[in-house]
Amino acid sequence: QVQLVESGGGLVQPGGSLRLSCAASGSIFSSFSSYTMAWYRQAPGKQRELVAAISGVGIPNSADSVKGRFTISRDNAKNTIALQMNSLKPEDTAVYYCSARIPSLSCTYWGQGTQVTVSS
């Protein structure tokens, strides 16, 4: 069974930090290091948007809105990715989703999401 399980969301004040984690499990992830992993987010009333992605060999890229504040990383030995979020703003409030793109199956797997709320 394929699973992506996010953790680490919560309530934080503006300017604060949070670290999200995502653990991938299932036989398909025996090739975890082959897959591009990503974090998306969806705020109420808005479309889901890409926050950051990281290739199998660890090359990251991120949305302009989070550049310099968010850092994506991965640990291929543990089948995990993380998103370090610093200098959080109220507009970062959203449900954050972990995703895995599986090219051989032409599909993308999603986690259940974790809520991040930035508010004073």
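Reader: Which hand does the link of C22 and C98 have, and what is the angle about its S-S bond?

Author: The link of C22 and C98 is left-handed, with -75° about the S-S bond. C22 sits in strand β3 and C98 in strand β9, so this pair ties together parts that are 76 residues apart in sequence. Strands here are DSSP runs of E with at least two residues, numbered from the N terminus. A word on the ground rules: this is a predicted model, where local features need pLDDT of at least 70 and side-chain atom pairs count only at pLDDT 80 or more, while totals for chains, interfaces and linings use all residues. Residues are numbered from 1 along each chain as its sequence is written, and side-chain values use heavy atoms, with hydrogens and water left out.

Reader: Why is the pair C22 and C98 called a disulfide?

Author: The name needs two cysteine sulfur atoms within 2.5 Å. The sulfur atoms of C22 and C98 are 2.1 Å apart, so the pair qualifies. The structure holds one disulfide.

Reader: What makes R41 and E49 a salt bridge?

Author: You need a side-chain nitrogen of Lys or Arg within 4 Å of a carboxyl oxygen of Asp or Glu. In R41 and E49 the closest N and O atoms are 2.6 Å apart, so the test is passed. R41 is buried at 6% relative accessibility, whereas E49 is partly exposed at 36%.

Reader: Why does the pair D64 and K67 count as a salt bridge?

Author: Their closest N and O atoms are 3.7 Å apart, so D64 and K67 still fall inside the limit. As for accessibility, D64 is exposed at 68%, and K67 is partly exposed at 47%.

Reader: And what about R69 and D92: how far apart are their closest N and O atoms?

Author: They are 2.7 Å apart, and the pair forms a salt bridge. R69 lies in the loop between β6 (60-62) and β7 and D92 in the loop between β8 and β9, so the bridge ties together parts that are 23 residues apart in sequence. Both R69 and D92 are buried. In total the structure holds four salt bridges, and R41, E49, R69 and D92 are linked in a network of them.

Reader: How do you know that β3 and β8 pair?

Author: Pairing takes at least two bridges found by DSSP between the strands. β3 and β8 have six bridges, so they count as paired, in the antiparallel sense. One of the contributors is L18, whose bridge partner in β8 is M85. β4 and β5 also pair, over five bridges, antiparallel again. β4 is joined to β9 by six bridges, and these two run antiparallel.

Reader: Why is a group of residues called a nonpolar core, and which members touch the most others here?

Author: The core is a set of buried Ala, Val, Leu, Ile, Met, Phe, Trp, Tyr and Cys residues, joined through side-chain atoms within 4.5 Å. The largest one has 30 residues, and F29, W39, L83, M85 and Y96 touch the most other members. β9 gives the largest share of this core, five residues.

Reader: Which residues are in contact with L83, leaving aside its neighbours within four places in sequence?

Author: Contact means heavy atoms within 4.5 Å. For L83 the list includes W39, V51, I72 and Y96.

Methods
Buried < 20%, exposed > 50% of the residue type's maximum accessible area, 1.4 Å probe, protein only. Helix = DSSP H or I, 4+ residues; strand = E, 2+ residues; numbered from the N terminus.
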